[in-house]
Amino acid sequence: MTQKIAVLGAGKIGEALLSGMIRAGWPPSDLLVTARRPERAEELHIRHGVTAVGNAEAAKAADTLILAVKPQDMAALLDELAPHVPADRLVISAAAGIPTTFLEERLAEGTPVVRVMPNTPVLVDEGMSVISAGSHATEAHLLRTEEIFQPVGKTLRVPESQQDAATALSGSGPAYFYYLVEAMTDAGILLGLPRDKAHDLIVQAAIGASVMLRDSGEHPVKLREAVTSPAGTTISAIRELEKHGVRAALIAALEAARDRSRELASGDKG
(Lines give C-alpha, C1' and ligand atoms only; values in the text may rest on other atoms or scores of the structure.)
Protein backbone atom coordinates (compact mmCIF):
# COMPACT_ATOMS: atom_id res chain seq x y z
CA MET A 1 0.00 0.00 0.00
CA THR A 2 2.89 2.35 -0.62
CA GLN A 3 1.93 3.24 -4.17
CA LYS A 4 0.02 6.42 -4.82
CA ILE A 5 -3.55 6.23 -6.05
CA ALA A 6 -5.45 9.11 -7.63
CA VAL A 7 -9.24 9.32 -7.89
CA LEU A 8 -10.13 11.67 -10.73
CA GLY A 9 -13.64 13.05 -10.52
CA ALA A 10 -14.44 12.34 -6.88
CA GLY A 11 -18.20 12.41 -6.70
CA LYS A 12 -20.13 10.12 -4.36
CA ILE A 13 -18.66 6.90 -5.77
CA GLY A 14 -15.14 8.32 -5.83
CA GLU A 15 -15.44 9.53 -2.26
CA ALA A 16 -16.77 6.13 -1.15
CA LEU A 17 -13.67 4.52 -2.66
CA LEU A 18 -11.38 6.96 -0.88
CA SER A 19 -13.10 6.33 2.42
CA GLY A 20 -12.95 2.56 1.92
CA MET A 21 -9.27 2.58 1.05
CA ILE A 22 -8.46 4.64 4.15
CA ARG A 23 -10.38 2.22 6.35
CA ALA A 24 -8.51 -0.66 4.70
CA GLY A 25 -5.16 0.86 5.64
CA TRP A 26 -4.07 3.19 2.86
CA PRO A 27 -2.48 6.28 4.39
CA PRO A 28 -4.27 9.44 3.21
CA SER A 29 -0.87 10.82 2.19
CA ASP A 30 -0.78 8.20 -0.60
CA LEU A 31 -4.19 9.20 -1.96
CA LEU A 32 -4.73 12.01 -4.45
CA VAL A 33 -8.04 13.43 -5.58
CA THR A 34 -9.24 15.75 -8.32
CA ALA A 35 -12.58 17.51 -8.55
CA ARG A 36 -14.12 19.92 -11.02
CA ARG A 37 -14.96 22.45 -8.30
CA PRO A 38 -12.16 23.71 -6.00
CA GLU A 39 -14.53 23.81 -3.01
CA ARG A 40 -15.32 20.12 -3.52
CA ALA A 41 -11.61 19.27 -3.59
CA GLU A 42 -11.06 21.25 -0.38
CA GLU A 43 -14.01 19.46 1.23
CA LEU A 44 -12.45 16.07 0.46
CA HIS A 45 -9.10 17.21 1.81
CA ILE A 46 -10.63 18.35 5.08
CA ARG A 47 -12.85 15.28 5.47
CA HIS A 48 -10.33 12.57 4.56
CA GLY A 49 -6.89 14.16 4.69
CA VAL A 50 -6.19 13.34 1.04
CA THR A 51 -4.26 15.66 -1.26
CA ALA A 52 -6.24 17.62 -3.83
CA VAL A 53 -4.40 18.17 -7.13
CA GLY A 54 -5.07 18.91 -10.78
CA ASN A 55 -5.65 16.17 -13.33
CA ALA A 56 -2.23 16.52 -14.97
CA GLU A 57 -0.43 16.44 -11.62
CA ALA A 58 -2.39 13.35 -10.59
CA ALA A 59 -1.42 11.61 -13.82
CA LYS A 60 2.24 12.34 -13.25
CA ALA A 61 2.36 11.46 -9.55
CA ALA A 62 0.07 8.45 -9.10
CA ASP A 63 0.84 4.81 -9.87
CA THR A 64 -2.86 4.00 -10.28
CA LEU A 65 -5.47 6.32 -11.77
CA ILE A 66 -9.16 5.75 -11.09
CA LEU A 67 -11.29 7.65 -13.60
CA ALA A 68 -14.63 8.17 -11.85
CA VAL A 69 -16.13 10.77 -14.18
CA LYS A 70 -19.41 10.64 -16.08
CA PRO A 71 -19.26 8.79 -19.42
CA GLN A 72 -19.83 11.99 -21.40
CA ASP A 73 -16.79 13.59 -19.71
CA MET A 74 -14.37 10.72 -20.36
CA ALA A 75 -13.09 11.81 -23.79
CA ALA A 76 -12.16 15.31 -22.59
CA LEU A 77 -10.45 13.90 -19.49
CA LEU A 78 -8.40 11.46 -21.54
CA ASP A 79 -7.33 14.26 -23.89
CA GLU A 80 -6.06 16.16 -20.85
CA LEU A 81 -4.35 13.13 -19.29
CA ALA A 82 -2.78 11.48 -22.32
CA PRO A 83 0.41 13.58 -22.49
CA HIS A 84 1.13 12.88 -18.80
CA VAL A 85 0.32 9.16 -18.36
CA PRO A 86 3.30 6.81 -18.86
CA ALA A 87 2.51 3.37 -20.26
CA ASP A 88 3.32 1.68 -16.94
CA ARG A 89 0.41 3.35 -15.10
CA LEU A 90 -2.65 1.29 -14.21
CA VAL A 91 -5.76 3.12 -15.39
CA ILE A 92 -9.10 2.02 -13.92
CA SER A 93 -12.29 3.28 -15.55
CA ALA A 94 -15.49 3.40 -13.50
CA ALA A 95 -17.56 5.07 -16.24
CA ALA A 96 -20.65 3.14 -17.36
CA GLY A 97 -20.65 1.91 -20.94
CA ILE A 98 -17.11 3.00 -21.82
CA PRO A 99 -15.09 0.04 -23.24
CA THR A 100 -11.41 -0.41 -22.43
CA THR A 101 -10.52 0.13 -26.10
CA PHE A 102 -11.85 3.70 -25.82
CA LEU A 103 -9.16 4.42 -23.21
CA GLU A 104 -6.41 2.33 -24.80
CA GLU A 105 -6.74 4.19 -28.10
CA ARG A 106 -6.25 7.54 -26.34
CA LEU A 107 -3.42 6.61 -23.97
CA ALA A 108 0.15 5.51 -24.57
CA GLU A 109 0.57 2.18 -26.35
CA GLY A 110 0.54 -0.69 -23.87
CA THR A 111 -1.17 1.17 -21.02
CA PRO A 112 -2.98 -1.36 -18.79
CA VAL A 113 -6.66 -0.51 -18.48
CA VAL A 114 -9.23 -2.19 -16.23
CA ARG A 115 -12.94 -1.49 -16.51
CA VAL A 116 -15.04 -1.52 -13.35
CA MET A 117 -18.80 -1.14 -12.93
CA PRO A 118 -19.53 -0.40 -9.26
CA ASN A 119 -23.05 0.18 -7.97
CA THR A 120 -24.25 2.72 -5.45
CA PRO A 121 -24.26 0.41 -2.38
CA VAL A 122 -20.48 0.98 -2.32
CA LEU A 123 -21.59 4.03 -0.32
CA VAL A 124 -22.48 1.68 2.55
CA ASP A 125 -19.72 -0.91 1.91
CA GLU A 126 -22.20 -3.35 0.35
CA GLY A 127 -21.46 -2.71 -3.30
CA MET A 128 -20.74 -5.04 -6.18
CA SER A 129 -17.90 -3.99 -8.47
CA VAL A 130 -17.73 -5.91 -11.75
CA ILE A 131 -14.19 -6.01 -13.16
CA SER A 132 -12.92 -6.64 -16.69
CA ALA A 133 -9.37 -6.55 -18.03
CA GLY A 134 -8.32 -4.56 -21.06
CA SER A 135 -5.92 -6.02 -23.62
CA HIS A 136 -2.77 -4.99 -21.69
CA ALA A 137 -3.96 -5.66 -18.12
CA THR A 138 -2.32 -8.57 -16.31
CA GLU A 139 -3.31 -10.68 -13.33
CA ALA A 140 -1.36 -8.29 -11.11
CA HIS A 141 -3.43 -5.37 -12.41
CA LEU A 142 -6.67 -7.23 -11.70
CA LEU A 143 -5.52 -8.10 -8.18
CA ARG A 144 -4.61 -4.46 -7.63
CA THR A 145 -8.07 -3.38 -8.76
CA GLU A 146 -9.73 -5.90 -6.47
CA GLU A 147 -7.62 -4.66 -3.57
CA ILE A 148 -8.95 -1.15 -4.14
CA PHE A 149 -12.63 -2.05 -4.52
CA GLN A 150 -13.00 -4.85 -1.94
CA PRO A 151 -13.23 -2.48 1.07
CA VAL A 152 -16.55 -1.18 -0.28
CA GLY A 153 -18.18 -4.52 -1.07
CA LYS A 154 -17.65 -7.54 -3.27
CA THR A 155 -15.88 -7.81 -6.61
CA LEU A 156 -16.58 -10.10 -9.54
CA ARG A 157 -14.48 -10.64 -12.66
CA VAL A 158 -16.26 -11.07 -16.00
CA PRO A 159 -15.09 -10.92 -19.63
CA GLU A 160 -15.65 -7.43 -20.98
CA SER A 161 -18.22 -8.84 -23.41
CA GLN A 162 -20.44 -9.44 -20.36
CA GLN A 163 -20.09 -5.94 -18.91
CA ASP A 164 -23.27 -4.60 -20.52
CA ALA A 165 -25.28 -7.46 -19.00
CA ALA A 166 -23.61 -6.90 -15.63
CA THR A 167 -24.43 -3.20 -15.83
CA ALA A 168 -28.09 -4.05 -16.44
CA LEU A 169 -28.25 -6.45 -13.49
CA SER A 170 -25.84 -4.96 -10.97
CA GLY A 171 -25.05 -1.39 -11.92
CA SER A 172 -28.71 -0.47 -12.36
CA GLY A 173 -29.96 -3.22 -10.04
CA PRO A 174 -30.43 -1.18 -6.85
CA ALA A 175 -32.87 1.12 -8.68
CA TYR A 176 -35.14 -1.82 -9.47
CA PHE A 177 -35.32 -2.73 -5.78
CA TYR A 178 -36.06 0.86 -4.80
CA TYR A 179 -38.82 0.91 -7.42
CA LEU A 180 -40.28 -2.31 -6.00
CA VAL A 181 -40.14 -0.98 -2.43
CA GLU A 182 -41.86 2.21 -3.58
CA ALA A 183 -44.67 0.20 -5.21
CA MET A 184 -45.05 -2.10 -2.19
CA THR A 185 -45.19 0.91 0.14
CA ASP A 186 -48.02 2.36 -1.93
CA ALA A 187 -49.78 -1.00 -1.71
CA GLY A 188 -49.35 -1.01 2.07
CA ILE A 189 -50.97 2.42 2.26
CA LEU A 190 -53.84 1.18 0.09
CA LEU A 191 -54.27 -1.73 2.50
CA GLY A 192 -54.57 0.69 5.42
CA LEU A 193 -51.08 0.98 6.87
CA PRO A 194 -49.39 4.33 7.62
CA ARG A 195 -46.57 5.09 5.19
CA ASP A 196 -43.81 4.87 7.80
CA LYS A 197 -44.96 1.48 9.06
CA ALA A 198 -45.38 0.11 5.53
CA HIS A 199 -41.88 1.33 4.70
CA ASP A 200 -40.32 -0.27 7.78
CA LEU A 201 -42.07 -3.60 7.17
CA ILE A 202 -40.94 -3.77 3.54
CA VAL A 203 -37.36 -2.64 4.14
CA GLN A 204 -36.83 -5.22 6.88
CA ALA A 205 -38.40 -7.91 4.71
CA ALA A 206 -35.99 -6.96 1.92
CA ILE A 207 -32.98 -7.05 4.26
CA GLY A 208 -33.98 -10.38 5.74
CA ALA A 209 -34.67 -11.94 2.34
CA SER A 210 -31.34 -10.67 0.98
CA VAL A 211 -29.39 -12.12 3.91
CA MET A 212 -31.15 -15.47 3.50
CA LEU A 213 -30.33 -15.49 -0.23
CA ARG A 214 -26.71 -14.69 0.50
CA ASP A 215 -26.12 -16.97 3.46
CA SER A 216 -28.39 -19.99 2.99
CA GLY A 217 -27.01 -21.19 -0.33
CA GLU A 218 -30.56 -22.11 -1.34
CA HIS A 219 -32.04 -21.42 -4.78
CA PRO A 220 -34.52 -18.51 -4.67
CA VAL A 221 -37.29 -20.86 -5.84
CA LYS A 222 -36.81 -23.00 -2.72
CA LEU A 223 -36.85 -19.96 -0.45
CA ARG A 224 -40.00 -18.68 -2.13
CA GLU A 225 -41.68 -22.08 -1.86
CA ALA A 226 -40.95 -22.11 1.88
CA VAL A 227 -43.16 -19.03 2.24
CA THR A 228 -45.86 -20.23 -0.17
CA SER A 229 -48.46 -22.34 1.62
CA PRO A 230 -51.19 -24.19 -0.31
CA ALA A 231 -54.18 -21.91 -0.94
CA GLY A 232 -52.53 -19.24 1.21
CA THR A 233 -51.94 -15.52 0.95
CA THR A 234 -48.56 -15.71 -0.80
CA ILE A 235 -49.69 -17.89 -3.70
CA SER A 236 -52.68 -15.59 -4.24
CA ALA A 237 -50.29 -12.66 -4.56
CA ILE A 238 -47.90 -14.55 -6.86
CA ARG A 239 -50.82 -15.53 -9.10
CA GLU A 240 -51.55 -11.83 -9.59
CA LEU A 241 -47.89 -11.06 -10.30
CA GLU A 242 -47.85 -13.75 -12.98
CA LYS A 243 -51.20 -12.61 -14.36
CA HIS A 244 -49.81 -9.09 -14.82
CA GLY A 245 -46.60 -10.29 -16.47
CA VAL A 246 -44.19 -9.03 -13.82
CA ARG A 247 -41.58 -11.67 -14.66
CA ALA A 248 -41.71 -10.85 -18.37
CA ALA A 249 -41.60 -7.12 -17.61
CA LEU A 250 -38.43 -7.56 -15.52
CA ILE A 251 -36.73 -9.53 -18.30
CA ALA A 252 -37.68 -6.87 -20.85
CA ALA A 253 -36.48 -4.09 -18.53
CA LEU A 254 -33.06 -5.68 -18.08
CA GLU A 255 -32.74 -6.25 -21.81
CA ALA A 256 -33.48 -2.54 -22.33
CA ALA A 257 -30.81 -1.58 -19.78
CA ARG A 258 -28.28 -3.86 -21.47
CA ASP A 259 -29.09 -2.41 -24.88
CA ARG A 260 -28.70 1.14 -23.56
CA SER A 261 -25.31 0.23 -22.14
CA ARG A 262 -24.30 -1.00 -25.59
CA GLU A 263 -25.49 2.26 -27.12
CA LEU A 264 -23.39 4.24 -24.66
CA ALA A 265 -20.38 2.11 -25.55
CA SER A 266 -20.91 2.85 -29.23
CA GLY A 267 -20.98 6.60 -28.59
CA ASP A 268 -24.73 7.25 -28.53
CA LYS A 269 -25.08 9.66 -25.58
CA GLY A 270 -28.55 10.88 -26.50
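Q: What makes β4 and strand β5 (residues 90-93) a pair?
A: In this predicted model, four bridges join β4 to β5, and the two run parallel. Pairing needs at least two bridges, so β4 and β5 count as paired. One place to look is Leu67, which stands opposite Ser93 in β5.

Q: How does the chain get from β4 to β5, and what is the hand of the crossover?
A: The chain passes through helix α4 (residues 74-81). This β-α-β crossover is right-handed. That label calls for a clockwise path from the first strand over the helix to the second, with the strands pointing away from the viewer.

Q: Which strand pairs with β4 over four bridges, along with β1's residue numbers?
A: Strand β1 (residues 5-8) pairs with β4 in the parallel sense. The four bridges meet the requirement of at least two. Ala6 has Leu65 of β4 as its bridge partner.

Q: How do you know that both faces of β4 (residues 64-67) are covered?
A: Thr64 and Ile66 lie on one side, Leu65 and Leu67 on the other, and all are buried. Buried means under 20% relative accessible area. In a regular strand the side chains alternate between the two faces of the sheet.

Q: What is the strand order of the sheet, and why do β3 and β8 count as edges?
A: The open sheet has eight strands in the order β3-β2-β1-β4-β5-β6-β7-β8, with mixed pairing. β3 (51-52) and β8 (153-157) each have a single partner strand, so one side of each is left without a neighbour in the sheet.

Q: Why is Val91 called buried?
A: Its relative accessibility is 2%. The cut-off is under 20%, so Val91 counts as buried. Val91 is found in strand β5. Its contacts beyond four places in sequence include Leu65, Leu67, Val85 and Leu103. Val113 is also among them. Val91 and Val113 are 22 residues apart in sequence, yet 4.8 Å apart in space, C-alpha to C-alpha.

Q: What makes Arg106 a charge over the ring of Phe102?
A: Arg106 lies over the face of Phe102, at 3.6 Å from the ring centre. The distance limit is within 6 Å, and the angle limit is within 35 degrees of the ring normal. The value of 3.6 Å meets the distance limit.

Q: How many aromatic pairs does the structure hold?
A: The count is zero. A pair would need ring centres within 6.5 Å.

Q: Which residues of helix α7 (residues 163-171) are buried, and what covers them?
A: The buried ones are Gln163, Asp164, Ala166, Thr167, Ala168 and Ser170. Their cover includes β6 (113-117), β7 (127-133), α8 (173-190) and α12 (246-265).

Q: What share of the protein counts as buried?
A: Of its 270 residues, 38% do.

Note on methods:
Residues numbered from 1 in each chain as written. Predicted model: local features only at pLDDT ≥ 70, side-chain atom pairs only at ≥ 80, totals over all residues. Heavy atoms only, no water. Phe/Tyr/Trp six-rings, centres within 6.5 Å; stacked < 30°, edge-to-face > 60°. Buried < 20%, exposed > 50% of the residue type's maximum accessible area, 1.4 Å probe, protein only. Contact = heavy atoms within 4.5 Å.
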